[in-house]
Amino acid sequence: MVISLAAGVSLPRQGRPTAHTMHAYIDEAGVRSHKKSASDHFVLSAVIISDDHITEAQDFLERLRRDFRRNPGDCLHWQKLKHEERVHASRVLGAQEWATVSSVVVAKRLIPQETRIFDEDEAYLLTLRYLLERLSWFARDAESVLSYTLSHIVRMEVAKLREYEEQLRSESEETCRIDWNSLSRRGGRVDQPKRIEFLQLADIAASATFKAFDQDKYGNTERRYLENLHPRLYRRGASALTSYGLKMHPWNDNTKAAYPWVAGLGAHVERL
């Protein structure tokens, strides 16, 4: 029996009926700090997979390993892929209808000075909050419960994640818009891509998105990877892409002027 959680009904912890379940696998790209030497952007991306499609996702990763002449079960790392392999990985992931991608892109240099968060852990957690809001909305609309797994968080203890989750649960709906009924009560897990292979998909999504925004040493960006992924970006009806599948922080006149192509990407998705 599938139970709808969209109405905000809080079910008891004991004897709760089993709902349709989804899993989000989350990875990051870029550097969280605001140091001058750090990247100008920080990205958190999630790849959402329903329980019904786990086997398809496993088969997809094995095919991708064969395409790259890797051994069965090898861990795929974006950093170790050549450009043509990155193009292929983003293109074929973008064609998988069982996958949904939602990302938060932080344009660090465009955040007003007075609202910047300089503590790296706190900056990560705020970005995660934006992402969890969107993941919970996606699960709510699908009448599902979603669990999430984070790829190893550098220099942050799991205890701090638990503390932050509890803090968010206590906040009002005006400041935190996470639909907690649509997320697993266990909270997020932290693991390694070698152990949880679907985190390798999150690595592809986060890195492909990051490359579209952050300039290399020659001042160039590579939007092709993200354009390949765009069919899988979370889109809710006629709402703006930047509200769901590609959340920009901040999203103001300065950001819109710096990235005019983002609106065009959203229009491209709408035409499909």
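A pocket is an open set of grid points with protein on both sides within 12 Å along at least five of seven lines. In the structure examined here, which is a predicted model, the largest pocket has a volume of about 540 Å³. The lining of this pocket is made by 25 residues, and those that lie nearest its centre are Ala 29, Gly 30, Trp 78, Gln 79 and Ser 207. Two elements, strand β1 (20-30) and helix α5 (199-213), each give two or more residues to the lining, and the largest share, five residues, comes from α5. When the lining residues of the largest pocket are divided by class, seven are nonpolar, ten are polar and eight are charged.

The model also contains one cavity of 30 Å³ or more, and the volume of the largest cavity is about 130 Å³. Around the largest cavity stand 14 lining residues, of which His 34, Val 106, Ile 111, Ala 123 and His 249 lie nearest its centre. Helix α3 (residues 120-141) gives the most to this lining, with four residues. By class, the lining of the largest cavity divides into seven nonpolar, four polar and three charged residues.

One of the residues nearest the centre of the largest cavity, His 249, also takes part in a cis peptide bond, which runs from His 249 to Pro 250 and has an omega near -5°. Pro 250 itself is placed in the loop between strand β6 (246-249) and helix α7 (253-258).

Two packed helices are described by the angle between their axes and the distance between the axes. For helix α1 (residues 54-67) and helix α2 (residues 83-94), the axes come within 11 Å and cross at roughly 155°. Angles over 145 degrees count as roughly antiparallel, and α1 and α2 are therefore roughly antiparallel to each other. The crossing of these two helices, α1 and α2, is right-handed. On the side of α1 the contact is made by Phe 60, Leu 64 and Asp 67, while α2 contributes His 88, Ala 89, Val 92 and Leu 93. Sorted by class, the residues in the contact of α1 with α2 are five nonpolar, one polar and one charged.

Helix α1 also packs against α5, and here the axes come within 10 Å and cross at roughly 65°. That angle makes α1 roughly perpendicular to α5. The residues that make the contact are Phe 60, Leu 61, Leu 64 and Arg 65 of α1, together with Gln 200, Leu 201 and Ile 204 of α5. By class, the contact of α1 with α5 has five nonpolar residues, one polar residue and one charged residue.

The remaining pair consists of α2 and α5, which pack at an angle of about 110° with their axes 10 Å apart. This value makes α2 roughly perpendicular to α5, and α2 passes α5 in a left-handed crossing. In this contact, Arg 86, Ala 89, Ser 90 and Leu 93 of α2 meet Leu 201, Ile 204 and Lys 211 of α5. The contact of α2 with α5 comprises, by class, four nonpolar, one polar and two charged residues.

The C-alpha atoms of Cys 75 and Gln 215, which lie 140 residues apart along the chain, are separated by 27 Å.

Key. Residues numbered from 1 in each chain as written. Predicted model: local features only at pLDDT ≥ 70, side-chain atom pairs only at ≥ 80, totals over all residues. Heavy atoms only, no water. 1 Å grid on protein atoms, 1.4 Å probe; cavity = no way out; pocket = protein on both sides within 12 Å on 5 of 7 lines; lining within 4 Å. Points joined across faces, edges and corners; volume = space filled by probe spheres on them. Nonpolar A, V, L, I, M, F, W, Y, C, P; charged D, E, K, R; others polar. Axes fitted to C-alpha atoms, helices over the stretch in contact; angles between N-to-C directions. Parallel < 35°, antiparallel > 145°, perpendicular 65-115°, else oblique. Left-handed = near helix turned anticlockwise from the far one by under 90°. Contact = heavy atoms within 4.5 Å.
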